[in-house]
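Open your viewer and get ready to select a few residues by number.

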Amino acid sequence: MNYANVDILFAEDSKDDALLTIRALTKSGFSNKLHHVIDGAEALDFIYCRGKYADRNPTEHPKLILLDVKMPKVSGIEVLEKIKSDPLVKSIPVVMLTSSNEGPDIETCFALGANSYIVKPVDSDNFFKAVKEIGIYWMVLSQSAQ
């Protein structure tokens, strides 16, 4: 697979939530190249060009990272902590897109440097609307540090 010019790295372990999010972005007209990974360990492998991503260009970073909080192997919070403590990648916006509405998760994510924390709406109409607005804000309106 070609991993060049990935605009959005999306880490989500739920197949259903991943399909809904990708469909919502596609239906909203976003043509940005998205790469989906299924856990935090794979997200870190992608970012740091390890494992099956070892041939990826280490100077190309995604423009946005969407992270679920609760994932197997390495949690979204651990991925966030690693990204925001690394000067080479800390400027990449990270949006926590999760079903966790727990106060400590929210506080921890913002303390670690999350750019936004969005609780996934339960009904599909509001979920599509939320994902569309995330895409518009982060991929169209927001300016990157690079």
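**Stop one: a residue in a helix**

Select Thr 21, which is part of helix α1, residues 15-27 (helices are DSSP runs of H or I with at least four residues, strands are runs of E with at least two, and both are numbered from the N terminus). This is a predicted model: local features need pLDDT of at least 70 and side-chain atom pairs count only at pLDDT 80 or more, while totals for chains, interfaces and linings use all residues. Residues are numbered from 1 along each chain as its sequence is written, and side-chain values use heavy atoms, with hydrogens and water left out.

Is Thr 21 buried or exposed? Thr 21 has a relative accessible area of 1%, so it is buried (buried means under 20% relative accessible area, exposed over 50%, partly exposed in between, with a 1.4 Å probe and protein chains only).

Next, show the strands. Five of them make an open sheet, ordered β2-β1-β3-β4-β5, with parallel pairing (two strands pair if DSSP finds at least two bridges between them). β2 (34-37) and β5 (116-119) are at the edges with a single partner strand each, so one side of each has no neighbour in the sheet. Zoom in on β1 (residues 8-11), which pairs with β2 over four bridges; there, Ala 11 stands opposite Val 37 in β2.

**Stop three: two cysteines**

Finally, select Cys 49, buried at 13% relative accessible area, and Cys 109, buried at 0%.
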